[in-house]
Amino acid sequence: MNSYDLTGKTAIVTGGAQGIGLAVAQRLQASGANVAVWDMTPTEAGDFNTTCDIADMASVQTALDATEAALAPVDILVNSAGIAGPNMPIQDYPDDAWAQIVAVNLTGTYNTNKAVLPGMRMRNYGRILNIASIAGKEGNPNACAYSASKAGVIGFTKSAGKENADKDIAVNCVTPAAARTPIFDQMSEEHIGYMLSKIPRERFLEVEEAANMIAWIVSAENSFTTGAVFDLSGGRATY
């Protein structure tokens, strides 16, 4: 395993208590970063952890202030927190579920990026990685809110990358296929089977594979690419 040197860097990983977020937090720590985990679930992961509701800007700002007081100014943000919601047709979709999914997945991305960018711009350095989904590229049936929110993350990331390209700041996203994580608990078995059937590698993504790619994307070595969408779909992506 290559270990990109993140010594002296301070990283935030949202949703870092489990799944891809936890794997990323562990990978960044192994590469020398001081890692703050923000999650709604209590955890001992990271060098510092705090409860944070990324859908609430006040909660995000409180978490950022606590992180920088405990560690140092933030160099890296990996926004991994997200929810899947129910699987059902649009005409049957609960309005409150739609609002919650968009609030966490899309507005949460906006909130976390908005909170860290002023400091990154002031210090002329930053790496942001927003986790989208292959559903944001292709749209999964019976997952309208999740697909729409993740498509929004892709568009937001492209905009943020262009806005901050005048500084040594890279804002990118990845579009994973499904990984067998606790988010599966929110999905029907039928939907899980559908996702697997679409992956040419005929298996789900391993969280360590996602973490390995993300570790490079948020390293200083990624000094040119910004506003980009990195594929993690096992061959499923059509563009």
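# Exercises: helix packing and strand order

In helix α1, G19, I20, A23, V24, R27 and L28 meet V207, E208, A210, A211, N212, I214 and A215 of helix α7; contact means heavy atoms within 4.5 Å. Helices (H or I, at least four residues) and strands (E, at least two) are DSSP runs, numbered from the N terminus.

This is a predicted model, where local features need pLDDT of at least 70, side-chain atom pairs count only at pLDDT 80 or more, and totals for chains, interfaces and linings use all residues. Residues are numbered from 1 along each chain as its sequence is written, and side-chain values use heavy atoms, with hydrogens and water left out.

**Exercise 1.** Describe how α1 and α7 pack.

*Solution.* 
- Two packed helices are described by the angle between their axes and the distance between the axes.
- α1 (residues 19-30) and α7 (residues 207-217) pack at about 50°, their axes 8 Å apart. Axes are lines fitted to C-alpha atoms, for helices over the stretch in contact, and angles run from 0 to 180 degrees between N-to-C directions.
- The two helices are therefore oblique. Under 35 degrees counts as roughly parallel, over 145 as roughly antiparallel, 65 to 115 as roughly perpendicular, and the rest as oblique.
- The crossing of α1 past α7 is right-handed, that is, the near helix is turned clockwise from the far one by less than a right angle.

**Exercise 2.** Trace β4 (residues 76-79) onward.

*Solution.* 
- I76 and V78 lie on one side, L77 and N79 on the other, and all are buried.
- Four bridges join β4 to β5 (residues 126-131), in parallel. N79 stands opposite N130.
- β4, α3 (residues 95-123) and β5 make a right-handed β-α-β unit.

**Exercise 3.** Is M40 buried or exposed?

*Solution.* 
- M40 sits in the loop between β2 (34-39) and β3 (48-51).
- Its relative accessible area is 54%, so M40 is exposed.

Terms used: Buried means under 20% relative accessible area, exposed over 50%, partly exposed in between (1.4 Å probe, protein chains only). Two strands pair if DSSP finds at least two bridges between them. A crossover is right-handed if, with the strands pointing away from the viewer, the path from the first strand over the helix to the second runs clockwise.
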